[in-house]
Amino acid sequence: MLHVKGYAATEGFYRSNRHSTDADILVRPGHVEVFTHRLVTDGWEKVTDFSSGSAFHHAATFRHPWWGAVDIHRYFPGMDAHAEENFERLWATRQSLPIAHYPCAVPSDADQILLIMLHAGRDGWRGSLDIQYLRRVLSPRDLERMRRRAAEFGAEIALAASLGELGDYRHHPDYLLWKYMTVGGSRIDEWVARYSAARTLRAKARVAASSLLVNKDHLAMRLGRRPSRADVATEWVGRVRQAGTEIGQRVRGVLKGSEGRESP
């Protein structure tokens, strides 16, 4: 496994006032199931599963009463295609960095910078500040090197999202998903983006079915406890109402636009 981002990064790769509140671990995909099982047996509580953690289904969150929170990544968003091979690319150039006085495996300096840049596209305001900082400290040659390295991982669209160049990938199946991550949108925008990014009919069917379900892990985090059946039912009704409101607003907007085009 590799420690990534945050305090696992080489000094100087983040601005001085940047802070992290958890640890991020990238585990070889073939080892994830065994590793997460061992975490639970060692007293870690699973907070979110891979399927409920994010739109990318890339990480599960665990919390320990002493050690705090950790995100276990089975792949890195933008590098999800050929995840096993991409992990091997990162592992092949790894280095060791002391974290809490213990030697830990981390990516090479170049790959650390690339991961920070790829993450910035889905980290909102903090991510935009990270990119602004890296643009100041990296040379044009360094940035070109990042583009070439991203291409080796098949992560060009993720890097483009972070650099404000997403428009170059307007016809990519992941375009709407990265657009949602960078500029936000409604719940309908999110699920349309997820559906567009799904590659197979089966995957699209799973997305469509999931859009009707309540994310119990996220609801539990919001409530501070495991949700009851009544909590889930209330949340589901709220989701349906919100979807109806957003659909109504979208339809009215389309109709209003049509009327504007027809007027003299």
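Mentor: Arg187 and Glu190 pair through their side chains in a salt bridge, at 3.1 Å from N to O. The term stands for a side-chain nitrogen of Lys or Arg within 4 Å of a carboxyl oxygen of Asp or Glu. This is a predicted model, where local features need pLDDT of at least 70, side-chain atom pairs count only at pLDDT 80 or more, and totals for chains, interfaces and linings use all residues. Residues are numbered from 1 along each chain as its sequence is written, and side-chain values use heavy atoms, with hydrogens and water left out.

Both Arg187 and Glu190 belong to helix α9, three residues apart, about one turn of the helix. Helices (H or I, at least four residues) and strands (E, at least two) are DSSP runs, numbered from the N terminus. Arg187 is partly exposed at 29% relative accessible area, while Glu190 is buried at 8%. Here buried means under 20% relative accessible area, exposed over 50% and partly exposed in between (1.4 Å probe, protein chains only).

Glu190 also forms a salt bridge with Arg194, at 2.8 Å from N to O. These two lie four residues apart in α9, again about one turn of the helix. Arg194 is buried, with 16% relative accessibility.

Arg199 sits in the loop between α9 (187-197) and α10 (201-210), and Asp174 in the loop between α7 (156-163) and α8 (175-183), so the pair ties together parts 25 residues apart in sequence. Arg199 is exposed at 52% relative accessibility, whereas Asp174 is buried at 12%.
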